[in-house]
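Have the sequence and the 3D view ready, and let us walk through this protein together.

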Amino acid sequence: MKEKYTYPSDILYVILLPTFLLIFIFSISLKAASVVVSAVSGILLLFCLLLLLVSSYVPCSFEAQEKEVRFIKAFIKTDVIKYSDIRSMEISREHYDTRYGTRWLETICFKLDDRELTFNASMDIDYYKLDNDPAQLSKQFENSKFSKLKKYIEGKMA
C-alpha cells in the first residue's frame with residue numbers, strides 16, 4: 001500500500017515569514033544603494049518567496065509493506081515503523097476555518113515501545129457530496145488515507 005499526501009508546515013510562520021519581511025524592508029531601505037546590493041536582496045527576496053510557497057504544503061508519502069511502514073517527508077527524512085513495535089494507533093481530525101474555506105487536518109499517532117510518532121495530512125473533503133448528504137463526512141473519514149493505512153496495519157498485526 002503506497003500513498004502520497006501533503007501537510008501544512010509551521011515553518012512558514014516561524015522562520016520564513018519574518019525572514020521574508022526583513023529582506024523586503026531591507027530591500028526597500030536600500031533603494032539608493034548599489035546595483036549589486038539591490039540585486040542580491042532581490043534574489044534573496046525571490047528565494048524566500050519561493051520557500052514560502054513550497055513550505056506551505058510539504059509533499060510526503062508512506063509505503064506500508066509486510067512488516068513495516070515507511071513515512072517519507074519531502075524526500076529528506078524517512079521514518080520506519082515496524083508493526084511489532086506498535087502498541088497503539090490513533091487517528092484524530094480537526095477542522096480549521098480560514099478565509100478560503102474549511103480545511104481538515106488528519107493526524108495519525110503511533111505509540112511505540114520507546115517513542116511516539118505523529119504524522120499530519122491535509123484531507124481532501126468533497127463538499128458537494130456533503131451538501132446533499134451530511135452523513136458523507138463520516139464515510140469520507142473512513143476512506144481517508146490514514147484510515148486505510150490503520151486498517152491495513154491492523155490486518156497485518158492480527
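Helices (H or I, at least four residues) and strands (E, at least two) are DSSP runs, numbered from the N terminus. Residues are numbered from 1 along each chain as its sequence is written, and side-chain values use heavy atoms, with hydrogens and water left out. Keep in mind that this is a predicted model: local features need pLDDT of at least 70, side-chain atom pairs count only at pLDDT 80 or more, and totals for chains, interfaces and linings use all residues.

Let us start with helix α5, which covers residues 145–157. Find Glu154 and Lys150 there: they sit 4 residues apart, about one turn of the helix. These two form a salt bridge, with 3.9 Å between the closest N and O atoms. A salt bridge here is a side-chain nitrogen of Lys or Arg within 4 Å of a carboxyl oxygen of Asp or Glu. Why might such partners meet? Side chains of opposite charge can pair when their charged atoms come close. 

How open to the surroundings are these two residues? We call a residue buried under 20% relative accessible area, exposed over 50%, and partly exposed in between (1.4 Å probe, protein chains only). Glu154 has a relative accessible area of 38%, so it is partly exposed, and Lys150 is partly exposed with 23%.

How many salt bridges does a search of the whole structure find? There are 8. Another one joins Glu106 to Arg93, whose closest N and O atoms are 3.1 Å apart. This pair links distant parts of the chain, 13 residues apart: Glu106 belongs to strand β6 (residues 101–112) and Arg93 to strand β5 (residues 86–98). Glu106 counts as buried because its relative accessibility is 2%, while Arg93, at 26%, counts as partly exposed. Next, look at Glu68 and Arg70, which also form a salt bridge, with their closest N and O atoms 3.1 Å apart. Glu68 is buried at 13% relative accessible area, and Arg70 is partly exposed at 30%.

Now for the rings. The structure holds 9 aromatic pairs. Rings of Phe, Tyr and Trp (its six-membered ring) pair if their centres lie within 6.5 Å; planes under 30 degrees apart count as stacked, over 60 as edge-to-face and the rest as tilted. Take Tyr5 and Phe146: their ring centres are 5.2 Å apart and their planes are at 70°, so this pair is edge-to-face. It links distant parts of the chain, since Tyr5 is in strand β1 (residues 2–8) and Phe146 is in helix α5, 141 residues apart. Tyr5 counts as buried at 6% relative accessibility, and Phe146 counts as buried at 0%. Compare the rings of Phe62 and Phe71, with centres 5.7 Å apart and planes at 45°, so that pair is tilted. Phe62 is buried with a relative accessible area of 1%, and Phe71 is buried with 0%.

A nonpolar core is a set of buried Ala, Val, Leu, Ile, Met, Phe, Trp, Tyr and Cys residues joined through side-chain atoms within 4.5 Å. The largest one has 21 residues, and those with the most contacts inside it are Val69, Phe71, Ile81, Phe110, Phe119 and Leu149. Which elements give two or more residues to this core? They are β1, β2 (57–64), β3 (68–73), β5, β6, β7 (116–123) and α5. Strand β2 provides the largest share, 4 residues. Apart from this core lies another, of 5 residues, among them Trp104, Met123, Ile125 and Leu130.

Contact means heavy atoms within 4.5 Å. Leaving aside neighbours within four places in sequence, Leu149 is in contact with Met1, Phe62, Ala64, Val69, Phe71, Ile108 and Phe110.

Finish with Asp79, found in strand β4 (residues 77–82). Is Asp79 buried or exposed? At 9% relative accessibility, Asp79 counts as buried. Beyond its neighbours within four places in sequence, Asp79 is in contact with Val69, Arg70, Phe71, Lys73 and Phe119.
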